[in-house]
Amino acid sequence: MEQQLAELAAKVAELEAAGGGAAITNTMFAETFYYVTIPLMILIHAGFLAYEMGASRLKNVLSSGVKNILAFAFVIPTFYFFGWWVYWGFPTGLPGAPGPAGISGVEYANAIAWGWGQSAQYMGPNIADQASGVFFGAFALFAATTASIMSGAVIERIQTVAFIILAVVLGSFAWVVAAAWGWHADGWLVTDWGVHDFGAAGLVHAVAGFFALGVLINLGPRIGKFNADGTANHIPGHNMPLTVVGLMLIIVGFWGFLMACVIVPGEAWSWFADKPSTIYGTPITLSALSFNILMAIAGGIIGAWIYTRDPFWMMSGALAGIISAASGLDIYFPALAFIVAFSAGVILKPCADWLEKRGIDDAVGAVTVHGTIGLYGVVMLGIWGSGYPALQGAAGEAPTISLMGQIIGAVVFFLLGFVPGYVCSFILKMAGMLRVPEGAELAGMDLVKVPASGYPEWGGDAPVTPAHPAE
Amino acid sequence: MFPYDKATWEVVDGAMFMGWGGVLPGLATLIAAGICVAVLVIGQRSESAKARAFDK
């Protein structure tokens with residue numbers, strides 16, 4: 001009997017040890033899952049870098065690159081300093097009361113998201129916390145993506161420091177408020193209106209696109225873009241192949257972006273023990289993402305091809321395809337995602353032309369691809385996805401997805417982008433900081449700002465990189 | 001378009017896409033395939049017309 005009991009106890013101990021091992025494996029998987037999204041999302045920035053430099057004329061190619069690199073460099077620390085705190089602090093709006101899920105409000109944010117005091121334990125290496133850093137990293141890359149979206153629209157005439165200030169306002173504040181309201185499970189847009197924006201078509205893309213529109217109104221067009229009668233001239237970039245490859249890299253990075261929108265199961269902070277969920281706590285599978293992202297890319301490309309035959313717009317159509325279906329990638333049927341994306345690819349160029357006819361010089365079509373199509377995607381989900389439960393779990397009862405809720409979400413995302421973009425750029429314009437002087441713009445911003453040359457063998461007057469700073 | 005009678009995720013144990021169990025998935029597949037064919041037809045016609053202009 002004693003021997004049997006001893007054997008039983010040994011068996012139990014063995015099973016407990018195996019269970020503990022499984023828990024450790026799951027924790028390590030969860031940490032790795034988000035960690036991997038970070039380098040994948042950095043590919044978005046490699047793509048935007050190539051895309052913007054290719055879309056710039058030879059005389060501006062490096063200054064466009066410098067601007068893009070600095071946006072990344074400043075958004076990451078500012079998101080660490082205060083952006084992460086804004087996300088956790090204000091899902092329910094002002095004054096930052098806690099929400100029903102118990103993971104929001106100023107008090108909660110003060111406890112986990114500041115880089116000082118007791119809160120700092122969650123903002124640095126901590127053996128007892130394997131999640132905060134990788135969550136922060138994924139969100140910081142979302143933040144940097146918004147700045148890169150705005151960056152392409154304003155190339156070839158904006159001052160570097162003004163651009164960085166705008167990038168910080170967008171990346172570490174404006175989109176963060178949109179994410180708190182429309183993405184966090186305690187967000188008032190979600191709990192009151194059932195807003196569903198799984199892949200951030202509105203709260204990342206539309207906010208960034210319309211922030212760029214607000215800036216473009218104050219920044220004005222590049223010299224030579226418009227004729228005296230108001231007609232527009234095409235200003236081609238110096239390297240279309242670089243631009244097109246950059247767009248493809250952005251799409252590669254989107255897989256990481258959308259992967260980071262999934263909450264893995266089995267952890268203390270997970271919605272479910274046995275299945276992945278969206279950030280709203282509703283079920284999702286990686287299969288759903290694979291089906292729908294691929295079909296949306298294809299639909300967007302085909303739609304843009306039939307209308308334009310232009311590789312720039314075809315690859316922009318691929319982006320537009322993903323963005324148009326992004327809000328409902330968790331619940332679209334793949335063929336329906338294809339149809340929605342196809343329609344986005346078709347309307348893309350006419351929407352960009354409409355904007356251009358109103359005197360807006362958006363050098364890469366960012367307002368249309370990200371702003372207009374982002375809102376289109378949010379509203380499309382209201383048409384096709386009405387009736388789906390918008391939340392699950394501790395957040396309690398919530399409305400279902402509806403057309404009215406999605407339209408309200410779209411309006412809020414538009415305002416959260418456009419208003420800060422317009423106001424901040426207006427202040428910078430009044431301070432004389434927004435735009436480079438005319439002579440510098442004509443000479444080329446590389447000559448003015450960058451002590452290097454993109455293509456030193458091209459032309460005798462190209463600026464030469466000094467071997468030593470003293471030379 | 002929620003494919004279950006009760007609007008809660010607790011009743012969902014299988015397919016959860018829009019229109020599951022109805023005609024929407026099949027119809028959408030048919031339309032998507034039709035778009036692909038139509039785009040190829042239109043593309044061939046317009047590209048041929050442009051190419052012929054270079055033979056004159």
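Predicted model: local features only at pLDDT ≥ 70, side-chain atom pairs only at ≥ 80, totals over all residues.
**Starting from A:Ser132**

- A:Ser132 sits in helix α4 of chain A, which covers residues 132-153.
- Now look from A:Ser132 across to A:Pro451: their C-alpha atoms are 40 Å apart in space, and 319 residues separate them in sequence.

**Where α4 meets α7**

- Follow α4(A) to its meeting with α7(A): the two axes come within 9 Å and cross at roughly 35 degrees.
- The crossing of α4(A) and α7(A) is right-handed.
- On the α4(A) side, the residues that take part are A:Phe142, A:Thr145, A:Thr146, A:Ile149, A:Met150 and A:Ala153.
- Their partners in α7(A) include A:Val204, A:His205, A:Ala208, A:Phe211 and A:Leu216.
- Sorted by class, this contact of α4(A) with α7(A) has 11 nonpolar and four polar residues, with no charged ones.

**Where α7 meets α12**

- Helix α7 (residues 201-219) of chain A also meets helix α12 (residues 366-384) of chain A, and their axes come within 7 Å, crossing at roughly 140 degrees.
- The crossing of α7(A) and α12(A) is left-handed.
- What classes of residue make up the contact of α7(A) with α12(A)? There are 10 nonpolar and eight polar residues, and no charged ones.
- Among the α7(A) residues in this contact are A:Ala201, A:Gly202, A:Gly209 and A:Phe210.
- Across from them, α12(A) brings in residues including A:His370, A:Gly371, A:Gly374 and A:Gly377.
- A:His205 and A:Ala208 of α7(A) are listed in the contact with α12(A), and both are also listed in the contact with α4(A).

**Helix α10**

- Is α10(A) enclosed or open? Since 15 of its 16 residues are buried, α10(A) is largely enclosed by the rest of the structure.
- The length of α10(A) can be checked too: at 1.5 Å a residue, its 16 residues should span 22 Å, and the end C-alpha atoms are 22 Å apart, which agrees.

**Loops with backbone features to find**

- The peptide bond from A:Leu94 to A:Pro95 is cis, with omega near 10 degrees.
- A:Pro95 lies in the loop between α2 (61-89) and α3 (106-112) of chain A.
- A:Glu156 is not a glycine, yet its phi is positive, near 80 degrees.
- You can find A:Glu156 in the loop between α4 and α5 (160-182) of chain A.
- A:Glu156 is buried because 25 other C-beta atoms lie within 10 Å.
- A:Arg309 is another residue other than glycine with a positive phi, of about 60 degrees.
- The loop that holds A:Arg309 runs between α9 (286-308) and α10 (311-326) of chain A.
- With 13 other C-beta atoms within 10 Å, A:Arg309 is partly exposed.

**Where chain A meets chain B**

- How many residues of chain B are in contact with chain A? There are 21, and they touch 20 residues of chain A.
- The chain B side of this contact has 17 nonpolar residues, four polar residues and no charged residues.

Notes: Residues numbered from 1 in each chain as written. Chains lettered and ligands numbered in written order. Helix = DSSP H or I, 4+ residues; strand = E, 2+ residues; numbered from the N terminus. Buried ≥ 20, exposed ≤ 12 C-beta atoms within 10 Å, placed from the backbone. Axes fitted to C-alpha atoms, helices over the stretch in contact; angles between N-to-C directions. Left-handed = near helix turned anticlockwise from the far one by under 90°. Contact = placed C-beta atoms within 7 Å. Nonpolar A, V, L, I, M, F, W, Y, C, P; charged D, E, K, R; others polar. Expected span 1.5 Å × (residues − 1).
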